[in-house]
Amino acid sequence: MLALACSLAGDVFLMFEGLFLPGLVAFLLAHLAYLALFLRGLPWLPSRAAALAVALIGAAMYVFLWRGGLPAALRLPASGLMVAQAVGRALRLRDGAAWRVALGAGLFMLSDSLLATNRFVQPLPLAPLWVLGSYFIAQLLIAACARPVSARGQSGT
């Protein structure tokens with residue numbers, strides 16, 4: 001609920017001129033709340049392979065954005081940490097719900113990347129459709145499928 005509330009705050013801030021930075025801070029808090037959720041009952045980055053894959057994808061995206069003019073203050077890799085934890089969680093739990101959460105986390109990162117590309121690098125055709133579409137599907141997948149992890153390391157119901 002905290003991640004959804006922070007995301008809603010970010011959405012509201014982004015609707016108003018001059019509140020872009022507070023919106024990004026709200027989304028950073030949402031990513032951190034999701035990261036905390038994905039950590040429950042599991043170790044930090046439970047799959048090194050997933051962490052490495054996400055780090056490589058994230059690094060490539062950050063290089064693209066930095067070269068395109070992304071401000072230094074916005075270069076925090078919170079999305080990548082959230083995705084790496086979610087994918088590692090799915091690899092550990094091996095259930096459909098965990099994989100849908102990982103897909104949602106990946107779509108959240110995609111939405112962030114599309115938003116940053118559109119705003120700081122170059123305008124994208126149909127940007128609102130792609131940014132908001134991936135964002136809302138991400139939120140839906142995470143909110144509908146995230147489950148606590150039991151002591152045995154399996155998703156609870």
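Me: Which residues of α1 are buried?
Reply: This is a predicted model, in which local features need pLDDT of at least 70 and side-chain atom pairs count only at pLDDT 80 or more, whereas totals for chains, interfaces and linings use all residues. Residues are numbered from 1 along each chain as its sequence is written, and side-chain values use heavy atoms, with hydrogens and water left out. Helices are DSSP runs of H or I of at least four residues, numbered from the N terminus, and buried means under 20% relative accessible area, exposed over 50% and partly exposed in between, with a 1.4 Å probe and protein chains only. In α1 the buried residues are A3, C6, S7 and G10.

Me: Within what arc do the buried residues of α1 fall, seen down its axis?
Reply: The arc is taken from the directions from the helix axis to the C-beta atoms. The buried residues of α1 line one face of the helix, because, seen down its axis, they fall within an arc of 100°.

Me: What covers the buried residues of α1?
Reply: Contact here means heavy atoms within 4.5 Å. The cover over the buried residues of α1 includes α2, α5 and α6.

Me: Is L2 buried or exposed?
Reply: L2 is placed in helix α1, which comprises residues 2–14. With a relative accessibility of 58%, L2 counts as exposed.

Me: What is the distance between the first and last C-alpha of α6?
Reply: The expected span of a helix is 1.5 Å times one less than its number of residues. For α6, with 19 residues, the expected value is 27 Å, and the distance from its first C-alpha to its last is close to this, at 27 Å.

Me: Which helices do the buried residues of α6 pack against?
Reply: The buried residues of α6 include A127, V131, S134 and Y135, and also Q139. Q139 has a relative accessible area of 7%, and, leaving aside neighbours within four places in sequence, Q139 is in contact with L4, S7, Y34 and F108. The buried residues of α6 pack against α1, α2 and α5.

Me: By how much of a helical turn are Y34 and F38 separated?
Reply: Both Y34 and F38 are buried. Because they are 4 residues apart in helix α2 (residues 20–39), Y34 and F38 are separated by about one helical turn.

Me: What is the angle between the planes of F108 and Y135?
Reply: The pair links distant parts of the chain, with F108 in helix α5 (residues 96–121) and Y135 in helix α6 (residues 127–145), 27 residues apart. F108 is buried at 0% relative accessibility, and Y135 is buried with a relative accessible area of 5%. The rings are 5.6 Å apart, centre to centre, in an edge-to-face pair whose planes make an angle of 85°.

Me: Which residues do ring pairs link into a cluster?
Reply: A pair of aromatic rings is described by the distance of the centres and the angle of the planes. Here ring pairs link into a cluster F27, Y34, F38, F108, Y135 and F136.

Me: What is the phi of R94?
Reply: Most residues other than glycine have a negative phi. R94 lies in the loop between α4 (78–93) and α5, and is exposed with a relative accessible area of 66%. Although R94 is not a glycine, its phi is positive, at about 55°.

Definitions and conventions
Helices (H or I, at least four residues) and strands (E, at least two) are DSSP runs, numbered from the N terminus. Rings of Phe, Tyr and Trp (its six-membered ring) pair if their centres lie within 6.5 Å; planes under 30 degrees apart count as stacked, over 60 as edge-to-face and the rest as tilted.
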